[in-house]
Amino acid sequence: MTKLSVNINKIATLRNSRGGDLPNVVQFAKDVQRFGAEGVTIHPRPDERHIRYQDAYDLKPEVYTEYNIEGNPIKKFMDMVLEIKPTQVTLVPDADDAITSNAGWDTIAHKDFLIDIIAECKRNNIRTSIFVDPDLKMVEGAKATGTDRIELYTEAFAHQFSLGNTQAVKPYTDCAILAERLGLGLNAGHDLSLDNIKFFKDNIPGLLEVSIGHALISESLYLGIENVVNMYLNKLK
């Protein structure tokens with residue numbers, strides 16, 4: 001069964017829009033775990049426009065499933081990760097002004113940089129994953145960095161699938177097969193939803209984990225958080 005990690009960034013966005021503490025991100029993390037989610041994901045950015053660095057510390061004692069912290073490995077981010085020691089760190093090459101993650105690593109051009117960052121995480125017993133596009137060369141390059149896993153960037157699949165193009169999953173299937181052959185664990189995320197998650201999971205061998213936030217929170221406005229979490233869990237069986 002593929003694990004579901006709930007990205008709670010959008011809960012922090014809603015909280016920050018009013019300047020108070022409603023909704024409370026720690027309580028939300030506790031709730032989604034109680035409803036069955038197997039992990040909690042956050043992605044703090046330098047401007048802290050949604051998840052704040054303090055949230056990362058506050059969540060640490062409350063996430064008893066898998067704690068996944070995503071982000072660009074700038075010094076402030078890495079200092080935080082090495083202090084908190086989450087279950088997994090997912091390295092994402094997003095720019096400071098990016099609305100959301102919009103590209104994977106060039107694992108060849110940034111090989112030496114990634115090797116150093118990943119080695120430091122491993123010395124601290126933190127599982128590593130790096131965000132990559134569905135490109136066989138980037139998957140091969142990821143292997144050379146020493147990472148434990150890769151996370152396939154699924155926006156292109158989600159967009160094409162919404163247009164009826166089911167063949168858009170093929171590059172992801174090919175990358176999954178290669179990752180398995182190379183001994184890399186496989187995660188995926190970005191724009192996955194109740195509409196496309198079962199098809200994606202059924203076509204991706206060895207898929208260990210999906211990280212879903214925006215769609216899950218949006219769907220929950222209509223269907224309820226507990227119900228939506230369990231709908232995802234059923235589709236991921």
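Modeller: A residue is called buried when its relative accessible area is under 20%, and exposed when that area is over 50%. The model shown here is predicted. In it, Arg149 has a relative accessible area of 13% and is therefore buried.

Biologist: With which residue does Arg149 form a salt bridge?

Modeller: In general, one looks for a side-chain nitrogen of Lys or Arg within 4 Å of a carboxyl oxygen of Asp or Glu. Here the partner of Arg149 is Glu209, with the closest N and O atoms 3.7 Å apart. Glu209 belongs to strand β8 and Arg149 to strand β6, so the pair ties together parts that are 60 residues apart in sequence. Glu209 is also buried, at 2% relative accessibility. Through shared partners, salt bridges join Glu66, Arg127, Arg149 and Glu209 into one network.

Biologist: How many salt bridges are found in the whole structure?

Modeller: The search finds twelve. One of them links the side chains of Asp55 and Arg15, at 2.9 Å from N to O. Asp55 lies in helix α3 and Arg15 in helix α1, so this contact ties together parts that are 40 residues apart in sequence. Asp55 is buried at 5%, and Arg15 is buried at 2%.

Biologist: What separates Asp31 and Arg34 in helix α2?

Modeller: They are three residues apart, which means about one helical turn. Their salt bridge has its closest N and O atoms 3.0 Å apart. Asp31 counts as buried at 18% relative accessibility, whereas Arg34 counts as exposed at 57%.

Biologist: Which residues make the nonpolar surface patch of about 430 Å²?

Modeller: Leu221, Tyr222 and Leu223 make this patch. Leu221 is found in helix α10 and, at 73% relative accessibility, counts as exposed.

How values were computed. Residues numbered from 1 in each chain as written. Predicted model: local features only at pLDDT ≥ 70, side-chain atom pairs only at ≥ 80, totals over all residues. Heavy atoms only, no water. Patch = residues over 30% accessible without salt bridge, like charges linked within 9 Å, V, L, I, M, F, W, Y side chains within 5 Å. Areas by Shrake-Rupley, 256 points an atom, 1.4 Å probe, with all protein chains shown as cover. Helix = DSSP H or I, 4+ residues; strand = E, 2+ residues; numbered from the N terminus. Buried < 20%, exposed > 50% of the residue type's maximum accessible area, 1.4 Å probe, protein only.
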